[in-house]
Amino acid sequence: MKTPLATLALIAMLPAAATAAGNISGSDKYAWSDSSGWVNFSPPNGGVGVYDDHLEGYAWAENVGWIKLGSHGGGGYHAYANSAAGDWGVNLDGSALSGYGWSDSAGWIRFDPSGGGVSLNPLSGAFDGWAWSENLGWIHFKGGTPAYSVVFAPAPRVAAVLFDAADAQKARAAVAGAGIHLSSDGGASWSAAASQPGDRRLKSLVASPLAAATLYAASYGSGIFRSVDGGQNWSACANGGLDLRVYALIAAGNGTLYAATRGGIFASADCAAWSARSGGLPSSGGRYAPTVLAVDAAQPAVLYAGLDGNGIYKSSDGGTSWQAATGQPGNTAIRAVRVKPGASGTLFAASYGGGAWKSGDGGVTWSACATQPANLNLRTLAIDAAGKLYAGSEAGVFASTNDCSSWTAMNAGLPN
Amino acid sequence: MNKSPVAIALLLSLGSGAHAAAPTEQWSGSGPFASGLGNQAIDSLAISADGMRLLAGSGSGTVFSYTYASNAATPPATSDSGSPTTSPSNPPTNVIAYPGTTTTLGGGTAVIAMPGSSLLIPAGGSTIGTSIALPTPTAGGSAAAVSVTIGGQQLQLIPSVAGTTLSVRSVAVNGVPTQVLALTSGSFTVIASQSGAPLLALGSGGNSIVLTAGAGGASVTGTVDSSSGQTVLAVASGVVTLPANAYASAKSKAASSTSAGSAPPADGKLYAGELAAIGGDGKIVSVRLGTPAGSGGGDALNLRLADNLGFAGKVPQLAATSARLGQSLQTAFAEALGATLAGTQSNGVLALDIGGSRIYVLPLGDVMVDRTRGDGVRLEADGTLSVGVADVVLRLAPSVADPGQLARDLAAALPGAALQVGGDGTLRLALNGQYYALRPGWLSQDATATGFASAAGQLTYGQTGRNFVLYPGVADYASLAAVVEQGMPGVSLSINGDGTVTLSGSGQQWTLLPEMALQSAPAGAAAWWPAGDGTLLLRNADGTMQGFSVR
């Protein structure tokens, strides 16, 4: 075995039975190996999950057994280091796959071998190309006779929702995998935008504070799109200087746009030209990239960034320089940060697995909320003008009217 | 699998027909995208502006909506509580103009222009009043130009500061309603390449004026002075034509004013290197030479000639060529005095040769454009000379050849001495808490001696081969003039070349001889009072007093 990760083989042990559910199509799920036959990426009791920057979960080959696509689980963001015993797997960068899967019986499977390589079409979701295993040889992801393929088919995820500032009957939703949708009846019904952003991997949807009809949508892979008619029609911004792999987009009160990307944080006045604003942020080749952004409505130059796995950073100069919180949340899988309106020193953060966190000193130190929502897998936060805090979790919505001292579940009407 | 966005859209739009009223205080959604994937995993939340509605986007593609029940009581049928004092602010209804496409103004919708954007202001009244916010200049100071087509003319707009806004107005030009831009706040440069292009509207209502570009176009920077309500125009290049109604009907300021005001130029034009202040009534307040950067002709020289020397007023730079005069300011003024230049203005002072004599003069204050001044030389009441050339007016005070050397020589002779040149050229010497007022004579003599000497009751000073008389000077001309004006109606005042003061009136004439040394005025002192020895004491604005003997 020539792989530099050979020494990690003993550590990458598979469980006796894989149970993760993936997001590969139930019909287009097979790759082919001449030596070992079909490899099923959506098998019973297993399945491969495709996320913005990585793959995880399990594929199954009758003659090989389980093939694990990465050491990470739980989705979210995770760029595998592939240089550490506990951090290996298949990375996704735009449309290119790289890194390693592991089979107990066949060893490492490389997704970016010389002479081959595997790609993923970001719009169609189709895999293509060849992976390589020392013991299995080439694994082909798309063939014609018989026709087979592996297709990423995620459930559409509502990445962002937005009310019109003046008319609560008007709402917009950015649905990852399905584009922008509009409602004119407060969310009772929705229709697709007349022309969509050219990339459906949508992450954020924000309204310009300067012009109510101007909206910006962020995608992971194609940067920022803009609509000047309230969301009906979209066109790509020039995106000059921007890393197009955008995780989050916000608009400060002065109109400045800030984008959190795999390549750091960028700022722009017009979404045409962007300048890097990552001074002081850790640079780890995509690991610990900023995936969450927040701005203090009262202070447009005061920003907060959540770095998945690395905690919360603050900038007081519009992103020119960043400082890590000296007392980080105990769980750094940060999913959202919000500043309490009218109280710039009070902030809340949502973490996946660690619940809600609060800072009373402007983001310098964080501590767990006195009580937590019943589900600690938080995905998002929102806070209204009166300071009422809402947390979106894997088990519905929770609300707090006392700065997260207590929470009330408000799940009536949600599916069980 | 579900690969079709269309199919997803169809699912999203399910139930898009008539809907019953949504129940309150519970979530309702139109159903998940994909059968069997409905769940409670909430990935996104939104709150309406009033906090009464929520949206929750799920990981299964459904947007759930939630409406709080209203607790508001029904208002009484009649109420005498009056109108609310505040109302919710309206959301912005702006249009953002981006580069790469032309944004057409219309409907009065405010426009926020991004750098490099192009705006088209179509003819017609629908654009009148439309606000245009220019982009913020970048930190590096690079231009953020916006192109505007208005009235068939193309203009380039370059903001100078953040927060610069314009508006579209209709102003009659030669009786024809014309669309033109007006500066609302901030500062920007407008560039027109076509002759006659309307550049900027100023004033309001019937007092509005429109500045137009002269032959070959013009580049003008306009800046709103929020404290005075005036707009300051700086012509960077070309010629700007002033309309006839920019001129006040009667000039209220004295022609001798140094900087506060001036009558507009006679030819109705502003040239490159000139700054005009326009009042809120659309009338020209003053025109002077200078630039926004402060580095052109008429702008203040940065004089640091000696550590113990300061200038209370502005010493203008005269080496630059005036577009109005077609020659350098110093040459033009020297010729007006019948003199030739005898050196450069390196230390602020002009050396002039007149009729075989050399005099040294210090330019003071703004170089004004004042059509009422007239050409020629005039001795002003404060003892300075004013010189007018083609409406361009300069004031000069007598000086030693090198004020810096004078200050250094004073420090050498009198350790701790500090010298300040006043706004009228009077020298104010500070030494150990005492103050002295001196005034160089207009003329100097050839001499080889240097330093200070006293002969026949006069203090003399030699430097650079010249010998100067340093007369006692009037320390505070403004206070003296105020006393004369208020206490001696009909009496005129003038300061002579030797520092003495002549008062004339009612067929009589008095001469006042100022004392060189100043004293501290007693608390509560009157503006002036007679001393026991027959001198008059004048209280200065700075708390000192100066004695004048009368003869």
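Author: The rule finds two salt bridges across the interface of chain A and chain B. The model is predicted: local features need pLDDT of at least 70, side-chain atom pairs need 80 or more, while totals for chains, interfaces and linings use all residues, and side-chain values rest on heavy atoms, with hydrogens and water left out. Residues count from 1 along each chain as its sequence is written, with chains lettered from A and ligands numbered from 1 in written order.

Reader: Why is the pair B:Asp43 and A:Arg379 called a salt bridge?

Author: A salt bridge needs a side-chain nitrogen of Lys or Arg within 4 Å of a carboxyl oxygen of Asp or Glu. The side chains of B:Asp43 and A:Arg379 meet at 2.7 Å, N to O.

Reader: How many salt bridges are found over all chains?

Author: The search of the whole structure gives 18. One of them pairs A:Lys203 with A:Asp52, with the closest N and O atoms 1.9 Å apart. A:Lys203 sits in strand β18 (residues 202–207) of chain A, and A:Asp52 in the loop between β3 (47–50) and β4 (55–61) of chain A. The two residues are 151 residues apart, so this pair links distant parts of the chain.

Reader: What makes a residue part of the contact, and how many residues does each chain give?

Author: Contact means heavy atoms within 4.5 Å. Chain A gives 67 residues and chain B gives 53 residues.

Reader: How much area do chain A and chain B bury between them?

Author: About 4,800 Å², with 65% of it on carbon and sulfur atoms. Buried area is the accessible area (1.4 Å probe) that two parts lose on being put together, summed over both. On chain A's side, A:Val161, A:Phe163 and A:Trp190 supply 13% of the area buried against chain B, more than any other three residues.

Reader: How many residue pairs are in polar contact across the interface?

Author: The rule finds 13, both residues being at pLDDT 80 or more. A polar contact is a pair of N or O atoms within 3.5 Å; within protein, one must be able to donate a hydrogen and the other to accept it, and residues adjacent in sequence count only if both atoms are side-chain atoms. Strands of chain A that each supply at least two residues to the side touching chain B include β1 (24–33), β14 (157–163) and β34 (378–383). β14(A) gives the most, with seven residues.

Reader: What makes β33 and β34 of chain B a pair of strands?

Author: Strands are DSSP runs (E, at least two residues), numbered from the N terminus. Two strands pair if DSSP finds at least two bridges between them. Five bridges join β33 (residues 451–455) to β34 (residues 458–463) of chain B, so they pair, and they run antiparallel. B:Phe452 has B:Tyr461 as its bridge partner. In this hairpin, two residues lie between the strands, and B:Ala456 takes a positive phi near 55 degrees.

Reader: Why do β1 and β2 of chain B count as edges of their sheet?

Author: The open sheet of four strands has the order β1-β4-β3-β2 (chain B), with antiparallel pairing. β1 (28–29) and β2 (42–47) each have a single partner strand, so one side of each is left without a neighbour in the sheet.

Reader: How do you know which residues of chain A to read with care?

Author: pLDDT is the predictor's confidence in each residue, from 0 to 100. Chain A has a mean of 88, and 94% of its residues reach 70 or more. Over residues 1–20 of chain A, pLDDT stays under 50. Where pLDDT is low, the predicted coordinates should not be read in detail.
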